[in-house]
Amino acid sequence: MSNSASFFTDFQATDLLFLGEAAGRTLGISLVSISIGTALGIFFGWSLQASKWFAQATIGTILDAFRSIPLIIQLILFYNFFPIIGWKMGPFAAGAFVLSIYTAALVANVVRGGIEAVGDPMRRAARSLGMSYWQDLRYVVWPIGLRAVFPSWVGVALSVIKDSALVSVLGYMELLRASQILITRTQEPFIILACAGAFYFALSYPLSKYSQKLEESWAS
């Protein structure tokens, strides 16, 4: 009994609350990054498909860089670059900025694939019915194409939630950094990491479950 009690001595209920608050910050920066990144990614993906040569030489090159360079290097470089040009950004703003562009780079390829998944015969048929280019996009391409790549977008969103842990290198008090602080104080990594993993699961599972039900409703 004494051994069991001593095992849990340094981990208290307030520590669990501390992790919960950090999980809330993880959710916050993830939602901001996913929302902004998805909006930008839709625009970039459409641009890459609509103007293949010009967009690929400009936007495509930049997005390829964000996809290729490790996210942790991007975070550190941007966080230290902004003060040089006189633009001071806190850890949250810098992290959200980089995560948003990183998300946009991933979503752009997903969106481009969704647009190209709609065959030319279907698009020609829409135009033959008198639809304009924008009506074709709104009523034919987006409903079909984006639905086809929705699972890929969910995968990107879940990845961003997990990758947000890297913002800890900037000093942002998200879930991983809070876990590191508690591990240093309590010397009980198993319990703390297990709790952190449970919080990450709690953040990711609702999105995964909702997307699954949404896909099932589309299939029925």
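The paragraphs that follow take up these topics in turn.

This is a predicted model, in which local features need pLDDT of at least 70, side-chain atom pairs count only at pLDDT 80 or more, and totals for chains, interfaces and linings use all residues. Residues are numbered from 1 along each chain as its sequence is written, and side-chain values use heavy atoms, with hydrogens and water left out.

The mean pLDDT (the predictor's confidence in each residue, from 0 to 100) is 83 for the protein, and 94% of the residues score at least 70. Confidence is highest in helix 8, at 90, and lowest in helix 1 (residues 2-7), at a mean of 43; helices are DSSP runs of H or I, at least four residues long, numbered from the N terminus. Residues 1-8 have pLDDT below 50, and beyond near neighbours in sequence this stretch has 5 contacts in the model, a contact being heavy atoms within 4.5 Å. Where pLDDT is low, the predicted coordinates should not be read in detail.

A nonpolar core is a set of buried Ala, Val, Leu, Ile, Met, Phe, Trp, Tyr and Cys residues joined through side-chain atoms within 4.5 Å, where buried means under 20% relative accessible area, exposed over 50% and partly exposed in between (1.4 Å probe, protein chains only). The largest such core has 16 residues, with Ile34, Val141 and Val156 making the most contacts inside it. Helix 5 (91-117), helix 7 (133-148) and helix 8 (150-163) each supply at least two of its residues. Leaving aside neighbours within four places in sequence, Ile34 is in contact with Thr103, Trp153, Ala157, Val160 and Ile161. A second, separate core of 13 residues includes Leu75, Phe82, Ala94 and Leu170.

Val169 lies in the loop between helix 8 and helix 9 (175-186), and counts as partly exposed because its relative accessibility is 42%.
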